[in-house]
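Visitor: Please take a close look at the cavities of this structure. I would like one connected account of them.

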There are 2 protein chains.
Amino acid sequence: MPDNVHIKYLLNEDEMPRTWYNIMADLPKPPPAVLHPGTHQPVGPDDLAPLFPMALIMQEVSTEPYIEIPEPVRQVYNQWRPTPLFRARRLEKALDTPARIYYKYEGVSPVGSHKPNTAVAQAFYNQQEGVKKLSTETGAGQWGSALAMAGAFFGIDVEIFMVKISYQQKPYRRSIMQAYGATVHASPTNLTDAGRSILAQDPENMGSLGIAISEAVEVAAKSGGTTKYSLGSVLNHVLLHQTIIGEEALLQMEKAGDYPDVVIGCVGGGSNFSGLAFPFVGQMLRKGLKTRFLAAEPMACPSLTKGIYAYDFGDTVGMTPLVKMHTLGHDFMPPGIHAGGLRYHGMAPVVSLLHEEGIIDAQAYHQNAVFEASVLFARSEGIIPAPEAGHAVRAVVDEALKAKESGKEQVILFNLSGHGHFDMAAYDAYFAGKLQDFEYPAEAVAAAQQRMPQVV
Amino acid sequence: MPDNVHIKYLLNEDEMPRTWYNIMADLPKPPPAVLHPGTHQPVGPDDLAPLFPMALIMQEVSTEPYIEIPEPVRQVYNQWRPTPLFRARRLEKALDTPARIYYKYEGVSPVGSHKPNTAVAQAFYNQQEGVKKLSTETGAGQWGSALAMAGAFFGIDVEIFMVKISYQQKPYRRSIMQAYGATVHASPTNLTDAGRSILAQDPENMGSLGIAISEAVEVAAKSGGTTKYSLGSVLNHVLLHQTIIGEEALLQMEKAGDYPDVVIGCVGGGSNFSGLAFPFVGQMLRKGLKTRFLAAEPMACPSLTKGIYAYDFGDTVGMTPLVKMHTLGHDFMPPGIHAGGLRYHGMAPVVSLLHEEGIIDAQAYHQNAVFEASVLFARSEGIIPAPEAGHAVRAVVDEALKAKESGKEQVILFNLSGHGHFDMAAYDAYFAGKLQDFEYPAEAVAAAQQRMPQVV
């Protein structure tokens, strides 16, 4: 029987944080420069101007610790934010653990994930600078649907290159983007040089996030300024916008009278993890509050646990600037796991730096273990996790079981970044015993890493 | 550009209503008796005991104006309740209307609809009386997934008869029920006499809500007391549990400093409409606060606007007690519209009575008009309405446009009972121009009404 006293910690509207937290101000050492893909020289704001509005470029390089959230962005946030922080009492009981498990639930946004936190901000800044159209990529569709919605709110056309395999396997994610008025292509397309070059080598190519990024970047770069490019993860300004999650969670944990021993999130490009974790990392770096940070990634695409820390392209074709990050090689093609949002060869540079500095731990998980934990979570807490977020759930369950063994009253906080209502086919496959646990594709990664740019 | 100041009206946890509102206390005249299907004599509590726990039977006939929500039910509600009340400022702007549009959003529940409000209560009362298993029917799957979740919370097995056409067309709704641990059958099955009798006449029968009810009732009736039956709409106690919506909305409208001129909801069996409207009907009946109530139904299954007010069965085969309601005939098979939750031949007896008394208006809508309004809503407010709730959205848009014509500052309140994340195929069909606008099936209804029981 439920015994759920004090399961929810809300904030009033007037308690919603008015600033994003910029971890660049507190990093133990400065992040490596971003390099021009041709010259390998550091890029400046002007190099990025064809792709991004200047306000976002300035955020990308800012070292101000707090950056104000513009009023029109806060107004849109306010529809579903502050998001709830839950104590997972029924899950704790199901696990019979002394751990206290808290989760921040981002699935309450209209598209069911954390992605609008940056989509709304990016649409706003672009609109402010007169941009009429944004191009972007999407894998499983979480990001594309968020930007499509934000575009509708701010009167900006949105053109989306969706990884072809997802376009075919997840038609409803495409539908939701179209419902918001966006144009959606199955990538690789024959609309761009990047797409045509891929199709020339392999007409049956089913696409990847890296290829879709190449196409979207090309559309913006060749638009003569009418179209800008928008990215849903990896970049500093994207991670910055997501810190609203952790800034809220800091206040909510205070209301709960608790503080996390461990903060957990899943990582693909790194944005939902960073959004929750960075404000707590900041507390540790500035105030010495000791916390463990655990990034949960898929065994099929384990950039933090198996990637090398080196300069690489953000896209497959090699059009983006070079960033230093954990990477499996820019043209590595991850196996087709259901957590499409985690199928990215690289990792946010700042997450990579913090992992390199020993501040962030990482652990890779197999699909079946992820879904096993997600089903337990659904039956206890009611919310069906998206397969991406399920990686965090798996990590949480493991931590809670360890706490049970050791008898330790560990406080666990994690980001339930989205619901799985669009991913029930994956649950079906799990129940039918048809989910494949892909081993780490060591040879393919090694080969891809051979093809990385040599930066001296 | 968004201009959304004061778009959200929340309640704190301690402001959540502690009682359901029972409209039976305030009806202008007593509702007609429920009759035994064989004898046509009024049924008593004992007649219903094989199907329902006594606590729910007592609620079914109670005339107490307020009924306390048990603490364990409030604890579960508290995960997502109080639900937000939104002012639809961006929609108002898109329509350029002087109307002030408010909506109560029930899609924040873990299954994305209002259905858990009664599912959780029913699971609780059954668990209190030692029931180990519940049988139920579901059409589009909203109700089945809610009861499956509630069963998981309270340790009750749930067996669901899902209309076969939906089982095949909406596999992900089936998946979500299975994820919560429920057993799901495609109805008609060969597991029950009711199902076998239907299949004997028509082996290709694709099912209906009425047939699925027959099967679920039979499972409970023949279980020897181990299994009870659970219904997701129509009955008094179901509508009662849904009044948490309107009780919250009363407080939230007060916070907004406004009061509705018109309250709108979609109707299938009538529960989400009643949940929002009844507390406002109560204000009108008791305090004379003048409000219009508008029930939005599908043209393909227009029980309030075209049904007759008469005694009929709640199911297709004729196993349930007879209730006086607006009905299209218990074996009428509605055309296959996408709003599966509205494909029911009858209407809640209390909603029917209030319609008969002139307190509730009704209007029927075609599918394409519903989706046109829903797309406008999605692009303005971000939330993609479920096709059922889209009927309410259509009614709201029409009212707001009328207000624009007349220049009247009308205050509109409606129930956005669920999100459409499971219904994107319907949006696809709309965009592809493939949605059929079924005319009112007058002949089929007339024939079905001929086959209704003759109560003298």
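Guide: A cavity here is a set of points, on a 1 Å grid over the protein atoms alone, where a 1.4 Å probe fits but cannot get out. Grid points are joined across faces, edges and corners, and a volume is the space filled by probe spheres set on the points. Rolling a probe the size of a water molecule over the atoms shows where empty space is left.

The model is a predicted one, in which local features need pLDDT of at least 70 and side-chain atom pairs count only at pLDDT 80 or more, while totals for chains, interfaces and linings use all residues. Residues are numbered from 1 along each chain as its sequence is written, chains are lettered from A and ligands numbered from 1 in the order in which they are written, and side-chain values use heavy atoms, with hydrogens and water left out.

By this rule the structure contains ten cavities of 30 Å³ or more. The largest cavity has a volume of about 400 Å³. Its lining is made up of 31 residues, and those closest to the centre are Lys115(B), Trp143(B), Ser233(B), Gly269(B) and Gly341(B). Elements are DSSP runs numbered from the N terminus: helices are H or I with at least four residues, and strands are E with at least two. Those of chain B that give two or more residues to the lining of the largest cavity are strand 6 (133-138), helix 6 (142-154), helix 10 (209-221) and helix 13 (271-287).

The lining can also be sorted by class. Ala, Val, Leu, Ile, Met, Phe, Trp, Tyr, Cys and Pro count as nonpolar, Asp, Glu, Lys and Arg as charged, and the others, Gly among them, as polar. On that basis the lining of the largest cavity has 17 polar, eleven nonpolar and three charged residues.

Next comes the second largest cavity, with a volume of about 80 Å³. Lining residues, which have an atom within 4 Å of a point, include Tyr21(B), Asn22(B), Ile23(B) and Met24(B) for this cavity. Gln59(B), Ile67(B), Phe278(B) and Val350(B) are also among the residues that line the second largest cavity. Helix 11 (residues 236-242) of chain B supplies the largest share of this lining, three residues. By class, eight residues of the lining of the second largest cavity are nonpolar, four are polar and none is charged.

How values were computed: 1 Å grid on protein atoms, 1.4 Å probe; cavity = no way out; pocket = protein on both sides within 12 Å on 5 of 7 lines; lining within 4 Å.
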